[in-house]
Amino acid sequence: MRLIPIHMLQPGMRLGKRIYNDEGIILLGEQVELTANLITRLGQLGLSYVYIHDPNTDDIEFPELLREETRIQAMKEIKTQFSKLSSSGSMRGYYPHLGKVFVGLMEKILEDISSRQDVMIMLTGMQSMDHALYEHSLNVCIYSLVLGKALRYDNKKLMELGLGALLHDIGKTQIPAHILQKPGKLTKEEYNIVKNHTVYGFKLLKDEPGIPLISAHCALQHHERMDGRGYPQGLSGPDIHDYGKLIALTDSYDAMTTNRIYQNALLPHQAVEMLFAGSGTQYDQKMLELFRDYAAIYPVGLTVQLSTGETAVIVRLHPEAPQRPVVRIIMDQEGNTLTAPYELDLFHRLSVMITGVMGESSSVLSIAEQPQFT
């Protein structure tokens, strides 16, 4: 299978992986043949890339961090619980079901991630048509747990971090939908309303049975920044908990790499570049370096251009050097499709570089130009 940008799809291509909606329900199955109408519809629904079948790459295996049943259950539970909070319109009272539901869910997520020997931060939402609040919450949780494992956190810390990451945006259930979903730039007043989600999240979680208090602080601190210019408290480096620093990274990364109302998705290597532009000012440098070491900046199946002029597909990643993957050469320098594709390990061929990615945008916003990820 290969990852193909939506704008490069052609009628007659067949899907290589299922496409889900926000509840984990299959909308298009594997092997479905794409028509012009289907391709148009996929673009309208916000997908940037899809996996397609390709005889030259059908043997490539795509690692998944979560089992399919775990992901579907997680999406349903997050949506159900967040919807209850949104519809209540009030933060009064206790919600003991939150701890019971999400601790049980976190145990299953941790079991899946712990069962993998070499876990990396890989894009999880490329085959989903909706990057709503609940999917973003799950993605941030998964990415944060990968970093937590890299930091050798014990099970107690992983549970605290995972719950904090999964529920970091729960306060958005108290923000009016017309503001959260506004297609244009927020006014100053609207932006100040959205910023309150950090405080609302903390208030929702701080007294709930089963939710550690430090996990509630993740909701409060994930928009604090190293230079003190974050919110809601304007904390600077030493005063921000390590969980908050870590979730600030994974939250921003997922926001950058998924389609938003105000911005098209960036590819992973572009997003990492933007994160490093904020090193020391927005994000902790050591956390950034850890993130870089564990981020699959070139997803398996992605088509790339090499410094040799050849075209290749990412086949597999080196956990110790994800930026130097094994690639399969499928076209020569003149753009001719090879009858006998062959593999090249960039980890051992340091003279060959990845110079471009199929579907890559021509420019990347500077850190000063990027939207405020709320």
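Predicted model: local features only at pLDDT ≥ 70, side-chain atom pairs only at ≥ 80, totals over all residues.
Q: Where do I start with the chain as a whole? How many helices and strands are there?
A: Start with the secondary structure. The chain has twelve helices and nine strands. Then check burial. Of its 374 residues, 52% count as buried.

Q: What share of the contacts comes from residues 24 or more positions apart?
A: Take the contacts with a separation of 6 or more. Residues 24 or more positions apart account for 66% of them.

Q: Is H5 largely enclosed or largely open?
A: Count its buried residues, with under 20% relative accessible area as the cut-off. Nine of the twelve residues in H5 pass, so the rest of the structure largely encloses this helix.

Q: Which residues of H5 are buried?
A: They are Leu158, Met159, Glu160, Leu161, Gly162, Leu163, Gly164, Ala165 and Leu166. Note that Glu160 is on that list.

Q: How do I read a helix pair? At what angle do H5 and H10 pack?
A: Look at the angle, then the axis distance, then the handedness. H5 and H10 pack at about 50 degrees, and their axes are 10 Å apart. The two helices are therefore oblique to each other. Their crossing is right-handed.

Q: Which residues of H5 and H10 meet?
A: An α-helix has 3.6 residues a turn, so residues three or four places apart point the same way. Now the case here. H5 supplies Lys157, Glu160, Leu161, Gly164 and Ala165. H10 supplies Tyr243, Leu246 and Ile247. By class, the contact of H5 with H10 has five nonpolar, one polar and two charged residues.

Q: What about H4 and H10? How far apart are their axes?
A: Their axes are 9 Å apart. H4 spans residues 133–150 and H10 spans 242–256, and the packing angle is about 130 degrees. That makes H4 oblique to H10. An angle over 145 would be needed for roughly antiparallel. The crossing of H4 and H10 is right-handed.

Q: Which residues make the contact between H4 and H10?
A: From H4, the contact uses His136, Asn139, Val140, Tyr143, Ser144, Leu147 and Gly148. From H10, it uses Leu246, Ile247, Thr250, Asp251, Tyr253, Asp254 and Ala255. Sorted by class, the contact of H4 with H10 has seven nonpolar, five polar and two charged residues.

Q: On to the backbone. Which residues join through a cis peptide bond?
A: Most residues other than glycine have a negative phi, and most peptide bonds are trans. Here a cis bond joins Tyr231 and Pro232, with omega about 15 degrees. Pro232 sits in the loop between helix H9 (213–221) and H10.

Q: What is the phi of Gln31, and where does this residue lie?
A: Gln31 is not a glycine, yet its phi is positive, about 80 degrees. Its place is the loop between strand E3 (26–28) and helix H1 (36–44). Gln31 has 40% relative accessibility, so it counts as partly exposed.

Q: And Arg152: where does it lie?
A: Arg152 lies in the loop between H4 and H5. Its phi is positive too, about 60 degrees, although Arg152 is not a glycine. At 76% relative accessibility, Arg152 counts as exposed.

Note on methods. Residues numbered from 1 in each chain as written. Heavy atoms only, no water. Axes fitted to C-alpha atoms, helices over the stretch in contact; angles between N-to-C directions. Helix = DSSP H or I, 4+ residues; strand = E, 2+ residues; numbered from the N terminus. Parallel < 35°, antiparallel > 145°, perpendicular 65-115°, else oblique. Left-handed = near helix turned anticlockwise from the far one by under 90°. Contact = heavy atoms within 4.5 Å. Nonpolar A, V, L, I, M, F, W, Y, C, P; charged D, E, K, R; others polar. Buried < 20%, exposed > 50% of the residue type's maximum accessible area, 1.4 Å probe, protein only.
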